[in-house]
Amino acid sequence: MTKNEAPHDALTDVTGLRVGHARVAGPGALSGTTVVLAPEGGAVAGVDVRGGGPGTRETDALDPRNVVQRIEAVVLTGGSAYGLESAAGVMAWLEEQGRGVRVGPEPSHVVPVVPAACVFDLGRGGDFTARPGAATGREAVEAAAATGLHARVETGAVGAGTGAVVGGLKGGVGTASAVLESGITVGALVVVNAVGSAVDPETGALYGEYFQGRPAHPDPAVHENARRRLAEAVARNTPPPLNTTLAVVATDAVLTRAQAQKFAGTAHDGIARAVRPVHLLNDGDTVFALATCARDLAPEAGPLALNEILAAGADLVTRAIVRAVRDTAEGVDGPGGLFPSYRELYEAGDAVDSPYNKGS
């Protein structure tokens with residue numbers, strides 16, 4: 001299962017996928033929406049929901065027992081359940097393009113299937129009512145459509161990660177990708193917004209880095225100072241934040257809908273490696289899987305050909321989470337709370353290079 005980093009180390013290395021972000025405007029807003037746009041004709045999709053407090057839309061359509069064969073886009077959004085309205089803006093744009101399930105005699109008679117999931121970030125900027133709506137979703141899908149193939153994906157506090165928090169630290173969006181020995185490309189995009197922590201309390205290293213074999217250990221004095229500052233920030237923030245981690249994993253391989261659902265399920269292992277604890281009652285952890293079906297699985301490997309994709313998906317989710325935390329450069333100190341970034345707490349005192357802290 002040898003794999004090499006794909007050219008842009010991003011979900012968009014899976015040919016045909018595009019990513020767009022939009023942010024809610026206003027001084028008291030700290031929320032946004034991210035859209036993963038499938039190629040025309042859609043993508044085979046699956047989903048696996050493991051958090052105890054999910055906020056989702058159209059996930060039942062992805063059950064392999066049901067009729068929908070392909071979907072046009074996935075929406076990841078802030079705003080808790082209110083933010084799911086952003087999917088309506090994505091649907092409206094897709095309808096204008098004639099993209100969706102044909103339901104009538106005219107080409108324009110379509111119903112776009114747009115699964116969505118939300119994170120809790122209400123009030124993080126100070127205004128509880130500042131959350132994504134249909135206009136935010138439309139802005140995000142238009143941003144995705146305006147990009148070229150294999151475009152760079154902006155990471156950090158953008159889109160659905162604008163108001164994200166992980167274990168009291170500022171969270172955000174991360175992405176990663178790889179080309180497998182078979183030539184198949186696998187990618188991941190995450191929105192890291194968890195009740196659990198991404199940081200080992202004993203060392204200050206990011207949990208996810210242990211699984212890459214190259215943890216960056218801060219100086220003990222820096223770590224002790226960071227722990228104190230983070231504890232002060234968490235104590236100031238009342239009530240404690242509700243959260244959710246979202247992910248999209250994708251491949252250019254030909255997958256059935258059942259295989260896509262399995263792909264989504266095993267990708268949750270990547271969250272469990274990088275965030276502790278996970279899948280709590282006040283998390284809504286959800287993973288979507290997409291297959292653009294451009295490259296056949298190796299027939300000689302039989303049903304086990306899927307294994308390399310399953311393993312890579314989990315690994316890439318872990319790496320994307322590490323990158324999300326490291327790429328979020330600035331914390332937040334405002335009426336909605338104090339959420340310092342990992343960089344602010346650790347990198348000023350101990351400039352340990354990480355293989356994950358790089359642009360796409």
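This is a short walk through one predicted protein model, from the overall fold down to a few single residues.

Okay, ground rules before we start. Since the model is predicted, local features need a pLDDT of at least 70 and side-chain atom pairs count only at pLDDT 80 or more, while totals for chains, interfaces and linings use all residues. Numbering runs from 1 along each chain as its sequence is written, and side-chain values use heavy atoms, with hydrogens and water left out.

So, the big picture. We have eight helices and 17 strands in the protein chain; these are DSSP runs numbered from the N terminus, H or I with at least four residues for helices, E with at least two for strands. The radius of gyration is 19 Å, close to the 21 Å from the globule rule for 360 residues, so the chain is as compact as a globular protein of that length. That radius is taken over C-alpha atoms, and the rule is 2.2 Å times the number of residues to the power 0.38. Along the principal axes, the C-alpha atoms fill a box of roughly 65 × 50 × 35 Å.

How much is buried? Of the 360 residues, 56%, where buried means under 20% relative accessible area, exposed over 50%, and partly exposed in between, using a 1.4 Å probe and protein chains only. As for contacts, meaning heavy atoms within 4.5 Å, take the ones between residues at least 6 apart in sequence: 79% of those join residues at least 24 apart.

Now a helix pair. Packed helices get described by the angle between their axes and the distance between the axes. Here α6, residues 257-274, packs against α7, residues 307-327, at about 40°, and the axes are 7 Å apart. Axes are lines fitted to C-alpha atoms, for helices over the stretch in contact, with angles from 0 to 180 degrees between N-to-C directions. Who makes the contact? From α6 we have, among others, Phe263, Ala267, Gly270 and Ile271, and from α7 the list includes Leu310, Gly313, Val317 and Ile321.

The peptide bond joining arginine 276 to proline 277 is cis, with omega about -10°.

Glutamate 58 isn't a glycine, yet its phi is positive, about 65°. You'll find glutamate 58 in the loop between β5 (56-57) and β6 (73-77), partly exposed with a relative accessible area of 34%. Histidine 150 is another non-glycine with positive phi, near 60°. Its place is the loop between α3 and β10, and at 27% relative accessible area histidine 150 is partly exposed.

Stay in that loop, between α3 (134-145) and β10 (165-166), for valine 153. With 3% relative accessibility, valine 153 counts as buried.

Last one: threonine 244, in the loop between α5 (220-236) and β14 (246-253). Buried or exposed? Threonine 244 is buried, at 3% relative accessible area. Leaving out residues up to four places away in sequence, threonine 244 touches Gly53, Cys118, Val119, Val191, Asn193, Ala194, Asp283, Gly284 and Asp285. Glycine 183, on the other hand, is 61 residues away along the chain, and its C-alpha is 33 Å from that of threonine 244.
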